[in-house]
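Please consult the sequence and the coordinates while reading.

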Amino acid sequence: MLKILKYSFYDLIRSRWSYVYFLFYLALGFVLLFLNNDVSKAVITLMNVIIVLIPLIGTIFGVMYYYNSREFTELLLAQPIKRSSIFLGQYFGVAGSLTLSLVLGLGIPFVLYGLLRSNAIFDFSLLLVTGAFLTFIFVGLSFVIAISNENKIKGFGYAVLLWLFLAVVYDGLFLMSLIVFEEYPLDTFSLVATILNPIDLSRILILLKLDISALLGYTGAIFKQFFGTNLGFLISLAILLLWTILPLLGLRYKAGKKDF
Amino acid sequence: MTIEINKLHKQFGKNQVLKGVDLSIDKGNIYAILGPNGSGKTTLIKSILGMVIPNKGQISVLGEPIKKGWKYRKKIDYLPQIANFPPNIKVKELIGMIKDLRNSPSEEAELIDLFGLEPFLNKKLATLSGGTKQKVNIVLTFMFDSPLIILDEPTTGLDPKALIHLKELIQKEKANGKTILITSHIMQFVEEVADEIVYLLEGEIYFKGCIGKLMEQTEQTNFEHAIAAITTASHA
């Protein structure tokens, strides 16, 4: 598997899109720091951008890479390599190179600006860690969608719909249900609903660590009670991990049964 | 027995491609798997390679059942039908990569020389023509020393000189005692290289035997016509 990972990774970091992605984050990092003139504020703005963007890029890259490397995958399938190693290797190659673009692209401007001397370093690391999680989660989901759909257009469609659902529609449904059921106690419901969506979970996790939960009012207090503690923090990370592992199990299952 | 196939069934959705294929492939011969388009040739080959997972039936390669295995593929050199490689990497890197992945001794230098690929070694695969890609494909297949060679449409896009080299290569490997499976639609090529013909029709083996037997059965003197007549001729 490591060999496949190595080749997928090299293949990707030499492709134009990885550079575009890297340069985008680089530019974003510099511009935000220049405009905000403050590391902590830049981290907040950055969060709003990347929490939506990372899943989208992960989804599109994952689907694109899977379909583009189909013939190459067939070449590998005829070699003495275990099936699951091929797909897991490719998965880690894509997710790894995207994460590298993210970490370097955002890391360089922040380090140059003096992140290491500021006290926002923990928040910033958390941002990168959740960003990495989101990348792995969405690349995994998109691989599962791509391997289940022979038709590229369908695969792309489902993957983008999934992103749209988790990034936008889910929040809408969530808010609507809060309004409809406002007469009932909704603390547990909202907590669970947040945890079930990796994008929401990441957002809340970062927001609460940034100490701006006071802005969230009453709900914020409940969330703070849960996520603010070490236990809540660990549970959140565990759930993100679960979100990462589930698509991988799906991928392994699908890869074992598919005909090429 | 190099390959033993027992009651192999495969269907894609409602389309039943293989309907109980029984086939045994002996060591040291060149077999041509023929049949009209969509008769299941590629599916049969891919089942042997484990790329297609059969619904029913057993396959064993070199005495080992292949189900869920992957190590047996070390003993197979496979030339896929469509040579599409990752576009971003160079020919040299691709060769190095496959060598690295297989981890077996290889003799690519001679083959690169034979097919005149030196000028292309440092070019990216996306820039190569179809025929050149096929030559790279052939080098990748023949550079290892495996007892079983499977060639799916090896002649696609080759110029006459390369075709002659390919035939020589096939004969050389046969002389080394290897078993070779070939599919092709170029009957002249099949006639020249194959010892045995396996004719697939609608997912079943319709004919198996040497070219002489085929000619006799179909009462034809020309191989191409014999193949065309195979389905109309009456035979036991």
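Q: In which strand of chain B is the place of B:K7?
A: This is a predicted model, in which local features need pLDDT of at least 70, side-chain atom pairs count only at pLDDT 80 or more, and totals for chains, interfaces and linings use all residues. Residues are numbered from 1 along each chain as its sequence is written, chains are lettered from A and ligands numbered from 1 in the order in which they are written, and side-chain values use heavy atoms, with hydrogens and water left out. Strands are DSSP runs of E with at least two residues, and helices are runs of H or I with at least four, numbered from the N terminus. B:K7 has a positive phi of about 45 degrees although it is not a glycine, and its place is in strand β1 of chain B.

Q: Is B:E219 buried or exposed?
A: B:E219, not a glycine, has a positive phi of about 55 degrees and lies in the loop between α7 (211-218) and α8 (223-229) of chain B. Relative accessible area (1.4 Å probe, protein chains only) under 20% means buried, over 50% exposed, and in between partly exposed. Because its relative accessibility is 71%, B:E219 counts as exposed.

Q: Which residue in β2(B) is the bridge partner of B:E4?
A: Four strands of chain B form an open antiparallel sheet in the order β2-β1-β4-β5, where strands pair if DSSP finds at least two bridges between them. The edge strands, each pairing on one side only, are β2 (15-25) and β5 (64-65) of chain B. β1(B) and β2(B) pair in the antiparallel sense over eight bridges, and in β2(B) the partner of B:E4 is B:S24.

Q: About how much area do chain B and chain A bury between them?
A: Contact (heavy atoms within 4.5 Å) links 28 residues of chain B with 24 residues of chain A. Buried area is the accessible area (1.4 Å probe) that two parts lose on being put together, summed over both. Of the area buried here, 58% is on carbon and sulfur atoms, and the total is about 2400 Å².

Q: With which residue does A:K6 form a salt bridge?
A: A salt bridge requires a side-chain nitrogen of Lys or Arg within 4 Å of a carboxyl oxygen of Asp or Glu. The count between chain B and chain A is four salt bridges. In one of them, with the closest N and O atoms 3.4 Å apart, A:K6 is joined to B:D100.
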